[in-house]
Amino acid sequence: MKLQPDFRPLGCAECAHATDLGFDFTMAFQPIVNTTTREIFAHEALVRGLGNEPAGQVFTHVNDTNLYRFDQSCRTKAIKLAAELGMPSMLSINFMPNAVYRPELCIRTTLAAAETYGFPIERIIFEINEAEKVDDIGHMREIVAYYRQRGFKTAIDDFGAGYAGLNLLAEIQTDILKLDMALIRHIDQRKVNHAIVRGVMQVCLELGITVIAEGVETYEEFAVLQALGIELFQGYYFARPAFQALAGVEPERFAPSHGQD
């Protein structure tokens with residue numbers, strides 16, 4: 001007999017301790033920096049094992065029957081830890097659209113966690129994780145619209161990779177679009193990547209969507225992207241994820257001299 005997903009309502013304590021998942025996990029945080037204001041715009045919550053094992057190792061335990069509970073636990077753990085660390089910036093949380101069966105019900109756990117741990121909902125960004133295809137685009141549009149209505153910011157993650165492309169952008173307009181690192185890598189040497197990013201920037205400008213360049217690893221990539229008008233950056237060039245902590249950014253990274261790496 002095929003097991004069915006468990007859609008029971010979960011409390012903050014259950015989610016924070018990954019009750020009934022059969023495994024536990026925690027979070028690391030990587031900053032997203034604004035190089036114009038020289039401030040940290042947000043921290044993205046990234047899944048890690050309790051011993052700082054990578055996300056891929058944690059996801060081996062996730063399946064169709066516990067996907068919903070795992071998604072809810074991710075939200076609660078991220079909010080709880082962000083509040084405990086005194087995070088002053090936005091908090092960016094990945095969510096899995098296939099785990100959200102009814103947005104008005106699924107968001108209750110997030111709202112409860114924000115209230116319980118004292119983290120303002122207007123400082124929460126939900127990133128659409130497009131690692132798996134979502135066949136019901138109308139359902140996705142409903143999720144994004146409802147989240148924005150409740151005061152959350154929304155983002156398309158990994159734009160330009162997998163299923164997150166122009167077709168998705170044509171159907172769903174979020175507050176933020178995160179350029180995938182495949183477009184960013186060696187953009188200073190690749191005319192095609194440069195042309196694509198320039199075109200995406202123009203589209204986002206007309207739609208009023210903020211662009212984040214993720215996966216930036218070198219000064220040369222940063223310099224080209226900044227010249228294209230991008231202000232928000234994420235990647236090892238600025239800071240690696242910090243395990244259960246907030247990573248700092250060296251001041252010179254906001255306005256580096258040519259040739260730093």
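Buried means under 20% relative accessible area, exposed over 50%, and partly exposed in between, with a 1.4 Å probe and protein chains only.

Beyond its neighbours within four places in sequence, F70 is in contact (heavy atoms within 4.5 Å) with L21, F23, F25, V47, V58, F59, V62 and M96.

## Basis of the values

Residues are numbered from 1 along each chain as its sequence is written, and side-chain values use heavy atoms, with hydrogens and water left out. As the model is predicted, local features need pLDDT of at least 70 and side-chain atom pairs count only at pLDDT 80 or more, while totals for chains, interfaces and linings use all residues.

## The chain as a whole

The chain has 9 helices and 9 strands, taken as DSSP runs numbered from the N terminus (helices H or I, at least four residues; strands E, at least two). Of its 261 residues, 51% are buried. Among contacts with a separation of 6 or more, 69% join residues 24 or more positions apart. The accessible surface is about 12100 Å², with 51% belonging to carbon and sulfur atoms; the areas come from the Shrake-Rupley method with a 1.4 Å probe.

The whole structure has 0 disulfides, a disulfide being a pair of cysteine sulfur atoms within 2.5 Å. C74 is buried at 6% relative accessible area, and C204 is buried at 1%.

## A buried arginine

R48 lies in strand β2 (residues 39–48). R48 is buried but has no salt bridge, and the nearest side chain of opposite charge, E53, is 8.5 Å away. A salt bridge requires a side-chain nitrogen of Lys or Arg within 4 Å of a carboxyl oxygen of Asp or Glu. Setting aside neighbours within four places in sequence, the contacts of R48 are F25, T26, M27, A28, E53, P54, A55, V58, P241 and F243.

## Helix α9

In helix α9 (residues 219–227), the buried residues are Y219, E221, F222, V224 and L225. Their cover includes α7 (181–184), α8 (191–207), β7 (210–214) and β8 (232–234). Just after α9, G229 has a positive phi of about 105°.

Technical notes. Lys and Arg count as positive and Asp and Glu as negative; His and the chain ends are not counted.
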